[in-house]
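The following questions and answers concern the structure shown below.

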Amino acid sequence: MPNPLRAKSGGRMVLTVPLIVFMDDVSGNISKQWNKHHVVYMSNAALPREMLEKEFCVRFVSSSPHATPMELMCGFKESIVAAASDGIITWDCKYNDEVMLVPYSLFDAGDNPMQAEVCSHGGLKCNYFCRTCKVGGMTCGELRTPEGTKMDILKQIELSKLSGGTEKVKNAVSLTGTRDAATTHIVSHLLELGKRLRKRQAGKPIMSEEDVRRQLEQEFEDMLHGSPLEDHLNPLLGMPGVNIHQDTPMEIFHTILLGVVKYFWGQTAWILDKGHLLDTFKARLESINKDGLNSPTLGANYICRFKGSLIGKHFKSLAQVMPYLIYNLVPRTVLNGWTVIGKLVVLLWHTSIENTELYLANLSRTIDDFLSISVQCAPSILITKAKFHFLVHIPAYIRHFGPALLFSTERFESFNHVF
């Protein structure tokens, strides 16, 4: 019995193509006036990392000022599933022969709010703020699954038909952390209709709960237009070969540099300012040897003057030099935090990994040390700042997809100027 792919390809060589999918909101204007568009870009993950960073290796897929992210992802899913099912016959210049390509989604890149939406998650402000697991803090809890998320969504739709549904749906979202953007309009419409039907009106009899439920069920069927409910859910929850909760790796730019490093910088700047030590820090920063840094200058005057408005490149440089500048200016726990941050940044910006197990053991130990020090500095920070918890999932993402630089979003965001 021949392999089905051999029959489908007509004897041609079959190559699989892993795809990195990126979605974000971006302004469609060149000016500063905000004109929101949702865009989808794509890259071939089989390319060498050096090529992935090139602008011409990022491919524009779709954009719309009107379509929601879930609607764009629905079109993406249909295209990829169809291409994977039928195969794409093309010419391979390396083998000088026709080949059949079978594309598949490797992972979905994006910032934390967008990744939460594609996971049907409520976001960073939920009680269960992690899109990957069902617990917060320093440990990884029970992993979320597409099947479990589907059940939570279906339960919320059923709750929207009950009396007092608004509060019941709100509590369900709070208890599970699940909120599906694709079915929000269905839930909202049923809740609004239920309120109108149950509203007391002068001169009219109160509609029984049975009649209200019957009308809501009929309205629900009409909204589906004869199609199954699964067609109206998040399309990525049922995409073959995709576990969206584990295929949305945490990106290091927003989570590390604009996350935990920024939090520590804010605390450190406050301590220095309160102790009237900012001038001492500025003098040390201005005089430090910068030969080993990629940045030619740290801009000490700018960093100290606009300490609340720094960007990623500033935090990346500061993470490498802070222990040498504040060794006798801040409490010991803060100094230890910056020391571990420097090690963490170096580990996460690895371009290649020679020994995966040794690297992951070192990374996990560094993350544990950093979280322990963070708790000593501010005990509530693991509960109030979700990005600290996201660190515990980084080793699993790296084991699955490779160095963290591969799922960085900076190359896609720099492509926005082309759009």
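Q: How many helices and strands are there in the protein chain?
A: This is a predicted model, in which local features need pLDDT of at least 70 and side-chain atom pairs count only at pLDDT 80 or more, while totals for chains, interfaces and linings use all residues. Residues are numbered from 1 along each chain as its sequence is written, and side-chain values use heavy atoms, without hydrogens and water. Helices (H or I, at least four residues) and strands (E, at least two) are DSSP runs, numbered from the N terminus. By this assignment, the protein chain holds 18 helices and five strands.

Q: What percentage of the residues in the protein chain is buried?
A: Buried means under 20% relative accessible area, with a 1.4 Å probe and protein chains only. Of the 419 residues in the protein chain, the buried share is 46%.

Q: What share of the contacts with a separation of 6 or more joins residues 24 or more positions apart?
A: A contact means heavy atoms within 4.5 Å. Among contacts in the protein chain with a separation of 6 or more, residues 24 or more positions apart account for 68%.

Q: Which element gives the largest share of the lining of the largest pocket?
A: The contribution amounts to three residues, and the element is β2.

Methods: Buried means under 20% relative accessible area, exposed over 50%, partly exposed in between (1.4 Å probe, protein chains only).
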